[in-house]
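Q: I've got this one open and want a quick walk through it. Can we start with the strands and then move to the helices?
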Number of protein chains: 2
Amino acid sequence: MFSLLTATRTAAVAVCPAVRNPAFNGIRTLATSIVATKSTHAAKVTPNAGEKVLTLETMNPNLRAMEYAVRGAIPIRAEALKEQLKSHPGSLLFKQITACNIGNPQQLMQKPITFLRQVTALMEYSDLLSPGMIETTRKLFPEDAIERARHNLSFVGGTPGAYTHSLGIFEVRQNVARFIEQRDGFPANPNNICLTTGASGAVERVLDMLVSDPSVGIMIPIPQYPLYTASLTRLNAHAVPYYLQEEKDWQLSQADLERSLSESRANGIDVRALVVINPGNPTGGCLLESNIAEIVRFCERNNLVILADEVYQSNIYTGTNPFVSFKKVVMQLGSSVELFSFHSISKGMIGECGRRGGYYEAVNIDEQVMGQLLKVASVSLCPNVSGQMAIDVMVNPPKVGDPSHAQYEQEMDLIYQSMKRRAKKLAIAFNSLPNMSCNDAQGAMYLFPNIELPKAFVEEAEAKGQAPDSLYCMQMLEATGISVVPGSGFGQYPGTFHFRSTFLPQEDLFDDFIDGFKRFHLGFMQQYSTKN
Amino acid sequence: MFSLLTATRTAAVAVCPAVRNPAFNGIRTLATSIVATKSTHAAKVTPNAGEKVLTLETMNPNLRAMEYAVRGAIPIRAEALKEQLKSHPGSLLFKQITACNIGNPQQLMQKPITFLRQVTALMEYSDLLSPGMIETTRKLFPEDAIERARHNLSFVGGTPGAYTHSLGIFEVRQNVARFIEQRDGFPANPNNICLTTGASGAVERVLDMLVSDPSVGIMIPIPQYPLYTASLTRLNAHAVPYYLQEEKDWQLSQADLERSLSESRANGIDVRALVVINPGNPTGGCLLESNIAEIVRFCERNNLVILADEVYQSNIYTGTNPFVSFKKVVMQLGSSVELFSFHSISKGMIGECGRRGGYYEAVNIDEQVMGQLLKVASVSLCPNVSGQMAIDVMVNPPKVGDPSHAQYEQEMDLIYQSMKRRAKKLAIAFNSLPNMSCNDAQGAMYLFPNIELPKAFVEEAEAKGQAPDSLYCMQMLEATGISVVPGSGFGQYPGTFHFRSTFLPQEDLFDDFIDGFKRFHLGFMQQYSTKN
């Protein structure tokens with residue numbers, strides 16, 4: 001029960017010495033160093049009248065230290081250039097901005113999957129299913145979309161406008177469980193599945209649970225998707241990096257995992273979990289089953305929870321490296337390792353980024369922790385129903401014999417084949433250039449080419465206080481309108497330079513995109529070859 | 001730039017002494033005491049093989065300490081009873097669960113606003129606007145919905161399936177700014193508006209910015225909406241409570257604000273902001289303009305940022321207490337006080353809870369902080385487009401002369417008048433009962449009646465280790481199927497007891513709902529009158 005007076009009276013000065021000590025902070029903002037920002041601490045300032053209370057100095061220093069390069073300086077500059085092209089066409093060296101900084105396929109004209117949109121449209125305006133309208137509706141919508149919408153409406157009380165269960169609609173979670181069972185051949189429990197605001201929301205929630213105090217560390221791959229470093233910076237936890245092996249198609253090295261873990265634990269870091277992104281972002285690599293098994297055993301042996309970011313599981317482009325889920329390997333090995341696996345509607349061929357739908361499956365997680373995860377979810381009420389419905393279609397598409405089956409398959413295949421062609425084409429282009437080399441994309445939506453930047457340029461950038469790859473990418477943007485993300489935004493092996501580019505530009509514009517990049521890179525190298 | 005080896009080698013044991021000390025923690029989890037849970041700290045446990053890594057003991061203790069009664073023990077029990085009614089009809093004393101625990105109108109059969117759903121449906125399946133389909137579409141959709149969908153599609157690149165700007169679509173923010181200008185008569189800037197995942201997402205983001213370390217305190221009303229205490233517990237900050245005056249229709253007392261602030265600051269708490277919920281949740285009160293002006297001046301004088309939770313701004317039921325925004329009063333006074341104001345599509349007459357749409361307007365906020373807010377938003381990529389579109393309709397409804405204008409107005413008015421009738425009817429019912437008194441709802445969706453619980457019952461509950469109002473509410477649920485939230489979940493003046501009930505049950509079932517409650521309460525009082 002609540003008693004104000006007692007509670008307030010017993011309060012005392014509550015200042016954590018550690019939080020006050022910048023030196024202490026420095027060691028735990030490893031994540032931050034990836035993006036070259038150091039967290040310093042907020043001052044306790046009692047402002048004078050007229051001065052701001054909330055300033056850069058007083059705000060949460062962990063948020064201040066956060067960096068997220070995917071929507072960082074280069075995309076922000078790209079946005080300004082886009083506005084300039086609108087207001088002053090012809091004022092730049094290029095006609096349009098090519099946004100390769102983010103896996104946002106529909107922004108680049110990828111067509112949405114028709115069946116998915118038919119179902120969501122009917123649910124939105126369910127009057128279309130009423131006796132007075134259904135005959136006309138049938139002229140516009142196939143029977144299975146109508147039936148699916150009716151069915152799905154029946155388990156949300158007739159409307160997508162009400163809060164649902166905080167873990168998401170039970171029937172959708174049942175369909176997710178069936179999807180996982182069919183994928184892996186092992187049982188999945190709908191009560192272990194939680195629908196979320198994109199996979200990002202799922203990752204953030206699980207990291208929040210794991211980080212109990214500032215000594216906690218989470219192992220992350222380098223290069224990594226910067227959501228992980230951003231979240232760990234926010235939580236003031238240690239990002240404990242391990243390297244992916246570029247020379248081995250970005251597979252994990254068990255030796256480097258061991259090195260990273262033992263060094264960190266020797267340094268007093270309470271390492272609790274390991275993040276794996278498979279297929280890889282930004283690398284485009286896809287882990288072999290044998291490699292996954294090694295990782296599972298490593299985590300089991302060393303008491304680490306696995307966070308498997310598997311949002312690109314259907315973006316797979318080679319026969320040699322098929323997608324194998326961590327869940328499947330954990331079950332095959334009969335391992336008791338704790339696992340959270342993440343999936344999303346934003347990627348794959350669905351590409352419904354704007355809808356913000358995702359989920360996690362929790363495997364071997366303590367029952368009481370599951371209860372806590374439900375409670376935490378309930379504070380945010382529920383994931384948005386539109387995202388939940390898209391997940392439902394993704395995991396339960398039209399079946400053979402359904403009116404929409406052929407179209408659904410054809411749309412998915414068209415997108416898939418086109419992505420596969422573009423992935424290959426872009427890799428060939430990168431590998432044809434001097435001072436560049438690039439692994440093929442085995443999966444995901446990205447290439448992460450290695451650039452050997454000229455020494456003179458590296459020195460020039462460093463003199464300006466800029467990361468050399470950031471400066472290279474900014475020059476690329478100014479010259480071509482192509483917006484990519486520098487490798488330093490993801491982390492990379494010291495002394496190497498990369499950038500991440502999606503291969504999502506439209507196929508009919510793809511040659512122009514490649515030509516524009518090639519011209520820039522060749523010109524750039526030409527310029528610096530004369531300086532060296 | 002990132003260097004793994006250096007970073008890892010310099011790491012040292014990073015344990016914050018304060019975080020290790022339970023006594024220290026006790027004083028700052030004031031918020032927690034509202035809901036009777038004490039945070040204790042996570043142990044650094046290196047589990048033995050086969051033991052779990054993530055347990056109740058090792059998890060983030062702030063999350064463990066969080067409570068959110070709106071979806072707490074009573075709603076969870078209600079869910080179980082609902083399942084029982086499905087599997088064993090007739091096995092309980094009632095035929096259905098009446099969910100009065102949460103403002104979720106469409107769950108209780110409130111009809112969605114047609115125009116809003118027409119626009120979102122057309123955007124979902126935009127093929128309906130194609131030359132081949134548009135003629136048939138016109139038979140099902142009015143012209144202004146078609147036009148609005150076309151217009152809105154034009155500023156999301158033709159699809160609601162792509163990520164948008166992290167603050168939300170610029171054109172939607174422009175419409176929000178116009179809506180605010182028309183409401184208040186003062187300018188609003190779209191760049192100061194940020195669309196979010198419901199108002200909850202907005203509140204959490206702003207609190208995250210404000211809490212820079214554990215000495216920070218945020219003033220909250222008692223009773224309050226438990227999102228605030230849950231978020232402050234998560235952030236390990238001080239909830240600094242002030243009391244709303246039940247005897248004065250829940251207006252704020254300046255004397256109590258002064259008392260609360262000076263006591264807390266004297267105790268070393270770095271009080272930075274004041275939360276006001278207007279119209280009130282759970283109280284149903286609505287602040288007078290003169291009271292708002294007092295609060296603004298108080299905050300200005302005392303260097304406090306104002307967080308104005310104004311999600312019920314269109315749920316207003318009396319002529320005496322109209323809604324006046326904090327923004328308007330700040331502008332009228334020419335105040336430089338820093339203000340965040342929150343709004344949502346989940347409430348009002350729109351009631352689109354499942355869509356998770358909301359926004360905040362930032363007023364007088366430091367420019368650099370605005371940049372940081374953008375960066376933080378970008379890590380979550382963007383708010384869901386479906387929620388953004390509903391906000392657009394809410395702030396920019398059909399105009400006089402538009403085909404949908406009359407229907408829109410009529411639907412809004414029907415819902416409004418019905419809510420107003422139900423609010424009054426429920427208050428009359430509560431006030432007709434012994435040991436109960438209740439302020440009328442001047443706004444919002446709730447009543448918060450005061451119950452004088454019999455002494456014998458209070459002792460009985462306390463002997464069981466339960467909050468007396470929780471036990472009362474649980475007994476109500478078991479007897480009637482009515483699910484409400486005990487006052488202890490919101491905080492209340494010591495020694496008083498309340499519960500929060502929505503007045504959202506359907507109007508044709510409303511008398512039954514009231515009768516069920518009356519029978520329970522009279523029986524309850526009867527039982528205990530004989531014991532006293």
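This is a predicted model: local features need pLDDT of at least 70, side-chain atom pairs count only at pLDDT 80 or more; totals for chains, interfaces and linings use all residues.

Q: Which way do strand 3 and strand 4 of chain B pair, and over how many bridges?
A: They pair in the parallel sense, over 6 bridges. Strand 3 covers residues 216-222 of chain B.

Q: And strand 4 of chain B, how many of its residues are buried?
A: 8 of the 8. Strand 4 spans residues 238-245 of chain B, and with that count it is largely enclosed by the rest of the structure.

Q: What's the strand order in the chain B sheet?
A: The order is 2-9-8-7-6-3-4-5. It is an open sheet of 8 strands in chain B, with mixed pairing.

Q: Which are the edge strands there?
A: Strand 2 (193-196) and strand 5 (251-252) of chain B. Each pairs on one side only.

Q: How does strand 2 of chain B pair with strand 9?
A: In the antiparallel sense, over 4 bridges. Strand 9 of chain B is residues 358-363. Leu195(B) stands opposite Tyr359(B) in strand 9 of chain B.

Q: Which strands does helix 10 of chain B lie across?
A: Strand 2, strand 8 (339-344) and strand 9 of chain B. Helix 10 is residues 170-184 of chain B, and it runs at about 115 degrees to strand 2 of chain B. Helix 17 (residues 385-395) of chain B also lies across strand 2, strand 8 and strand 9 of chain B. Helix 17 of chain B runs at about 65 degrees to strand 9 of chain B.

Q: Switching to chain A. What's the strand order of its open sheet?
A: Chain A has an open sheet of 8 strands in the order 2-9-8-7-6-3-4-5, with mixed pairing. Strand 2 (193-196) and strand 5 (251-252) of chain A are at the edges. Each has a single partner strand, so one side of each has no neighbour in the sheet.

Q: What about strand 3 and strand 6 of chain A, parallel or antiparallel?
A: Parallel, over 4 bridges. Strand 3 is residues 216-222 and strand 6 is residues 270-277 of chain A. Val216(A) has Asp270(A) in strand 6 of chain A as its bridge partner.

Q: Which strands does helix 13 of chain A touch?
A: Strand 3, strand 4 (238-245), strand 5 and strand 6 of chain A. Helix 13 (residues 254-266) of chain A packs on the sheet, at about 160 degrees to strand 4 of chain A.

Q: Now helix against helix. At what angle do helix 7 and helix 17 of chain A cross?
A: Roughly 140 degrees, and their axes come within 10 Å. The two helices of chain A are therefore oblique to each other. Helix 7 of chain A passes helix 17 of chain A in a right-handed crossing.

Q: Which residues meet there?
A: From helix 7 of chain A, Phe115(A), Leu116(A), Thr120(A) and Met123(A). From helix 17 of chain A, Met389(A), Ala390(A) and Val393(A). By class, that contact has 6 nonpolar, 1 polar and no charged residues.

Q: Last one. Is Glu204(A) buried or exposed?
A: Buried, at 16% relative accessibility. Glu204(A) sits in helix 11 (residues 198-210) of chain A. Setting aside neighbours within four places in sequence, Glu204(A) is in contact with Leu227(A), Ser231(A), Arg234(A) and Ser380(B).

Technical notes: Residues are numbered from 1 along each chain as its sequence is written. Chains are lettered from A and ligands numbered from 1 in the order in which they are written. Side-chain values use heavy atoms; hydrogens and water are left out. Axes are lines fitted to C-alpha atoms, for helices over the stretch in contact, and angles run from 0 to 180 degrees between N-to-C directions. Angles under 35 degrees count as roughly parallel, over 145 as roughly antiparallel, 65 to 115 as roughly perpendicular and the rest as oblique. A crossing is left-handed if the near helix is turned anticlockwise from the far one by less than a right angle, and right-handed if clockwise. Contact means heavy atoms within 4.5 Å. Ala, Val, Leu, Ile, Met, Phe, Trp, Tyr, Cys and Pro count as nonpolar, Asp, Glu, Lys and Arg as charged, and the others, Gly among them, as polar. Two strands pair if DSSP finds at least two bridges between them. Buried means under 20% relative accessible area, exposed over 50%, partly exposed in between (1.4 Å probe, protein chains only).
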